[in-house]
Amino acid sequence: MEERKLFGILAHPVGHSLSPVMYQQAFIKLGLPYAYHPFDVPPERLAQAVSAIKVLGISGVNVTIPHKERIIPFLDRLDPEAEAIGAVNTVVLEKDGTLTGYNTDGAGYVESLKEETGLDLSQCKVLILGAGGAAKAIGVYLLKEGVPHLTIVNRTLERAHQLACHLEKYLKSRSSPLPAKITVRSQADLAQNKSFDYQLIINTTSVGMWPHVNEMPMELGPLPPSTVVSDIVYNPYETLFLKKAKEQGATIHRGLGMLVYQGTLAFKLFTGYEAPVDTMWEAVRNHLAGKAK
Ligand code: ATR
């Protein structure tokens, strides 16, 4: 007989999260006596919340906005990938009572992107919009996949440079060097020159997320045929940014796949079991469809 366990998500706000429904359905599918609870934790109470994980014996938590970077000092150790990324989205309470931080965002994103678009990343010139925690995780994984040229654009230019430095450091830290070129472009330059000669354009910002569904991270200029445009925002299911890209004939990649695949990887870390991926897809799709009615 399986032991009862509690998992959860630390976020602020947390009401929009699809994780509770996604994991709860997965636990039911595998007949596991586990529960998953959304915890709304403001940043100033994060340290207490992390202590509570240990004190209460919560078996694992997902971590999202705005805690992915802030949580690191409160953990006992980081998995090497989370360390390379510099952000954590999954925390596991080990048998000895210590906490380990992992990051499954980058791997989940790349898995979803490859499955849905079939892109060969080793041949892709990529434009990343945004320079926050999600961009860090995705950037590291794109480099790992052999992307030869990555350009970063962000509202705050300084932060784009910081991300470029972080990724350069990652490239240098690898035992087998990756010959990737990383550049920064200003938003103004992109808006003026409107040259979108990229095989893959990714929005990693939260712009366009419900309820601000009429906003876009930027206006897209004319896109070369066969451009793939990707958005990590999953609510709405198809953002305005993706709708506009589709109108131009681009292939689009929606954000829901990253949510599901980062979740399946975290599920394995939490439980040791392979995640029921179809059940998790169904749970999030049904939930979004229900909300759209
Ligand atoms: P996450 O961990 O989810 O990536 P984050 O670290 O807060 O969250 O990063 C959010 C990203 O979205 C940043 O690149 C942010 O740009 P700034 O660095 O200029 O803050 C971007 N972002 C958020 N709201 C934005 C807006 N209204 N317009 C443009 N960019 C925005």
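Student: What ground rules apply to the model and its numbering?

Tutor: The model is predicted: local features need pLDDT of at least 70, side-chain atom pairs count only at pLDDT 80 or more, and totals for chains, interfaces and linings use all residues. Residues are numbered from 1 along each chain as its sequence is written, and side-chain values use heavy atoms, with hydrogens and water left out.

Student: How are helices and strands defined here?

Tutor: Both are DSSP runs, numbered from the N terminus: helices are H or I with at least four residues, strands are E with at least two.

Student: Which strands form the open sheet, and in what order?

Tutor: Pairing first: two strands pair if DSSP finds at least two bridges between them. Here six strands form an open sheet with mixed pairing, in the order 2-1-3-5-6-4. Strand 2 (34-40) and strand 4 (77-78) are the edge strands, and each pairs on one side only.

Student: In what sense do strand 3 and strand 5 pair, parallel or antiparallel?

Tutor: Antiparallel, over three bridges, between residues 60-63 of strand 3 and residues 90-93 of strand 5. Look at glycine 60: its bridge partner in strand 5 is valine 92.

Student: What about strand 7 and strand 8: parallel or antiparallel?

Tutor: Strand 7 (residues 125-129) and strand 8 run parallel, joined by five bridges. Leucine 127 stands opposite threonine 151 of strand 8.

Student: Is strand 8 buried or exposed?

Tutor: The cut-offs come first. Buried means under 20% relative accessible area, exposed over 50%, and partly exposed in between, with a 1.4 Å probe and protein chains only. In strand 8 (residues 149-153), five of its five residues are buried. Both faces are covered: His149, Thr151 and Val153 lie on one side, Leu150 and Ile152 on the other.

Student: Which residues of helix 1 are buried?

Tutor: Across residues 19-29, the buried ones are Ser19, Pro20, Met22, Tyr23, Ala26 and Phe27. Seen down the axis, the buried residues of helix 1 fall within an arc of 165 degrees, so they line one face of the helix. The arc is that of the directions from the helix axis to the C-beta atoms. Ile28 and Lys29, on the other side of helix 1, are exposed. Glycine 31 follows helix 1 and has a positive phi, near 65 degrees.

Student: How should I read backbone angles?

Tutor: Most residues other than glycine have a negative phi, and most peptide bonds are trans. Now the cases here. Lysine 194 has a positive phi, near 45 degrees. Lysine 194 is in the loop between helix 7 (187-193) and strand 10, and is partly exposed at 38% relative accessible area. Serine 226 also has a positive phi, near 75 degrees. Its place is the loop between strand 10 and strand 11, and at 60% relative accessibility serine 226 counts as exposed.

Student: Which peptide bonds are cis?

Tutor: One runs from tryptophan 210 to proline 211, with omega near 5 degrees. Proline 211 lies in the loop between strand 10 (200-203) and strand 11 (228-231). Another runs from asparagine 235 to proline 236, with omega near 15 degrees. Proline 236 is in the loop between strand 11 and helix 8 (240-247).

Student: Is glycine 221 buried or exposed?

Tutor: Buried, at 4% relative accessibility. Glycine 221 is in the loop between strand 10 and strand 11.

Student: Which residues come nearest to the ligand?

Tutor: A residue is near a molecule or strand if one of its heavy atoms lies within 4 Å of it. Of the 13 residues around the ligand, Ala131, Asn154, Arg155, Thr156 and Arg159 come nearest. By class, the shell has four nonpolar, seven polar and two charged residues. Nonpolar covers Ala, Val, Leu, Ile, Met, Phe, Trp, Tyr, Cys and Pro; charged covers Asp, Glu, Lys and Arg; the others, Gly among them, are polar.

Student: How far are ligand oxygen atoms from the side chains of asparagine 154 and threonine 156?

Tutor: An oxygen atom of the ligand is 2.7 Å from an N or O atom in the asparagine 154 side chain. For the threonine 156 side chain, the distance from a ligand oxygen to an N or O atom is 2.5 Å.

Student: How much of the ligand does the protein bury?

Tutor: Taken alone, the ligand exposes 640 Å², and the protein buries 73% of that. Accessible areas come from the Shrake-Rupley method with a 1.4 Å probe; for residues, only the protein chains shown count as cover.

Note on methods: A polar contact is a pair of N or O atoms within 3.5 Å; within protein, one must be able to donate a hydrogen and the other to accept it, and residues adjacent in sequence count only if both atoms are side-chain atoms.
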